[in-house]
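Please open the structure in a viewer and keep the selection panel at hand. The stops below are meant to be visited in order.

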Amino acid sequence: MAAVTTSTERSLNKLAIVGVLIVTMIFLAPIYWIASTAFKPRNLATTIPPTVVFQPEISPFVKLFTKRSQLRTAPTPEQYAAAPWWERLVFDGGEKVVRSGRGEVQWSGYPNRFMNSLIVAITSTVLAVGMGTFTAYGFSRFKIKGEQDLLFFILSTRMLPPVVVAIPMFLMYRVVGLNDTHWGLIILYTAFNLSFSVWLMKGFMDEIPKEYEEAALVDGYTRMEAFFKIVLPEAATGIAATAVFCFITAWNEYAFALIMTNRRAQTAPPFIPSQVGSGLSDWTVIAAGTFLFLLPVAIFTFLLRNHLLRGMSFGAIRK
Amino acid sequence: MATAVMTTLDPNSRSAARGMSDLTIRNLFIIPTIVFLIVFNIFPLIYSLGYSFTDFRASSPAAANFVGLQNYRELLNDPFIWSNFAITAKYVIVSVVGQVIVGFGVALLLNRDIPLKGLLTTLLLLPMMLSMAVVGLFWKLLYDPSFGIINYTLGLGSFEWLSNPDMALYAVAITDIWMWSPFVMLLSLAGLSAVPKHLYEAAAIDRAGSFYTFFRITLPLVAPILMIAIIFRTMEAFKTFDLAYILTSQPTTEVISIRLYKMAFQEWQTGRSCALAYIVLIMILAITNIYVKYLNKVKER
């Protein structure tokens, strides 16, 4: 840069830094707010003015995982003494709640939904990335008639609006008994992620030099051996990134889960909002459920940070 | 190329004789995926095409009667359906324009030497990775007229966002802008960083104003990648369901996917909803087509 421009450049840069910091704060404020609400005592969650400084508690998480009913009066000393430590946390918050009329520990619906989300997301990710890796290798290395058309067909299945696909799938699942089952959702998410996985993995496969396999083939490897021993280890980063993207998509999915499941196989996204309407909505509990649900995605986003551009553009843009 | 590999191989060598031929492997690798997608994506669509010509209701045991094009005719003449499309169009325009302005603006700010740039960028990208349903849920808390922090921060008193029919669609769009501006930002940053530095240097030597530099150098070079972002977001906004469905139940936010969902799974007008699904599908294909054509035009220049 020319020396004349440096001083204006520098002050512009400073302005930009301030601007970026303000924008970052605005963008993160909603996330910060939900995360902090998850650790608030109930009476501080909905105050005006909003409570920013408070003593963090884990009682919202206790309430999230257990089922309870309201006591008419404050807990008696006996009730308090009989309660386990986590239950005392809730009593200490000034709330007159016990787990149930008879006092036995009951799980709430949340851990179950969380497990369903994990089962469905992990299984569909393994299937979609597994099939996608083979198919991407096929597209990357072999001559295929109508290759572009096939790839476009694969991509177009991803563009279908979920509700449009869900109507016939719901009717078909009803016939074969897949409604409200893990497999029903796994199949849908696998289909949804498969096109993404093929497109992204093809980009990663294209970057692995063909000479590696050619050398292996000359050395007496079969094509299959070359694929498993040479190509797959080279593609490991790509496979991991693709898997994380597929996991996040399946983890976050709402419309299919809302339509296809209602209890047994219900995942967390349709379950968490359904808790709001139920009379006494305790925002600290909802925030705790939301926080736990968003946490894995936030961690994955950091792990994925160098692949985000590529993943979000279906491999169209690489850096 | 695969053929090149094969020609370098001696057909009598052990490696060629052992194991499967490349043709078998190719088919083995590709055909399962294609079959899977046909069975679970294309076949259901054919299935629902059949139902779209009937008066089938999934809630009743009565058999489906063939009604020809009646569903399509009635839907296309239904002013309420058109108002759902109009709401969707308004939503698409507001949210995509908002995302482009905010996303591209932030990208311009970030496109320079800033300490901790990588960390800040990753933090800014967080919203788009979250579940739309759960985002919708916690924005309900933020929008709450009595204790929401949005009203408090902006000093709006007890302004109604979600239960106000005139405001609800904008509230949903604002949430969508918050979530997806980072996506436009991410793509714009890639475009901006690809603009050759020497062009700016040349412009500086010519004493070109920053206005001129922006409109004559930056914007044209970033345009193709920005268009990709706009295509993706327009398609997604057109399909939007989760956010609007969770945030409000106002009739003014009933975008076409919500109408479709209600028609199919609350009113159980299965046959008719299959027909509407096809109308939506054709529109999505049309939008994609228009954009792809435009994109190619931008690229040619």
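The tour passes through each chain, their contact and several local sites.

This is a predicted model, in which local features need pLDDT of at least 70, side-chain atom pairs count only at pLDDT 80 or more, and totals for chains, interfaces and linings use all residues. Residues are numbered from 1 along each chain as its sequence is written, while chains are lettered from A and ligands numbered from 1 in the order in which they are written. The model scores ipTM 0.88 and pTM 0.90.

**Chain A**

Select chain A, which has 16 helices and two strands; helices (H or I, at least four residues) and strands (E, at least two) are DSSP runs, numbered from the N terminus. Chain A is more spread out than a compact globule, because its radius of gyration is 26 Å, well over the 20 Å that the globule rule gives for 319 residues. This radius is taken over C-alpha atoms, and the rule is 2.2 Å times the number of residues to the power 0.38. Viewed along the principal axes, the C-alpha atoms of chain A fill a box of roughly 80 × 75 × 40 Å.

Of the 319 residues in chain A, 44% are buried. A residue is buried if 20 or more other C-beta atoms lie within 10 Å of its own, exposed if 12 or fewer, and partly exposed in between, with C-beta atoms placed from the backbone.

Next, select residues 236-252 of chain A, helix H12. Its 17 residues reach 24 Å from first C-alpha to last, close to the 24 Å expected at 1.5 Å a residue (the expected span is 1.5 Å times one less than the number of residues). Because 14 of the 17 residues of H12(A) are buried, this helix is largely enclosed by the rest of the structure.

Then move to A:Pro49, in the loop between helix H2 (42-45) and helix H3 (59-65) of chain A. The peptide bond from A:Ile48 to A:Pro49 is cis, with omega near -5 degrees.

**The contact between the chains**

Display both chains: the contact takes 82 residues from chain A and 79 residues from chain B. Two residues are in contact if their C-beta atoms, placed from the backbone, lie within 7 Å. Which helix of chain A gives the most to the side that touches chain B? Helix H1 (residues 6-37) of chain A does, with 13 residues.

**Chain B**

Select chain B, which has 14 helices and zero strands. Its radius of gyration is 26 Å, well over the 19 Å that the globule rule gives for 301 residues, so chain B is also more spread out than a compact globule. The C-alpha trace of chain B spans about 80 × 70 × 35 Å along its principal axes.

Two loops deserve a stop. B:Leu116, between helix H5 (79-110) and helix H6 (117-129) of chain B, has a positive phi of about 60 degrees although it is not a glycine. B:Leu116 is partly exposed, with 13 other C-beta atoms within 10 Å. B:Arg207, between helix H10 (197-205) and helix H11 (210-238) of chain B, has phi near 55 degrees and is exposed, with 8 other C-beta atoms within 10 Å.

Finally, colour chain B by pLDDT, the predictor's confidence in each residue, from 0 to 100. The mean for chain B is 87, yet pLDDT stays under 50 over residues 1-17 of chain B. Where pLDDT is low, the predicted coordinates should not be read in detail.
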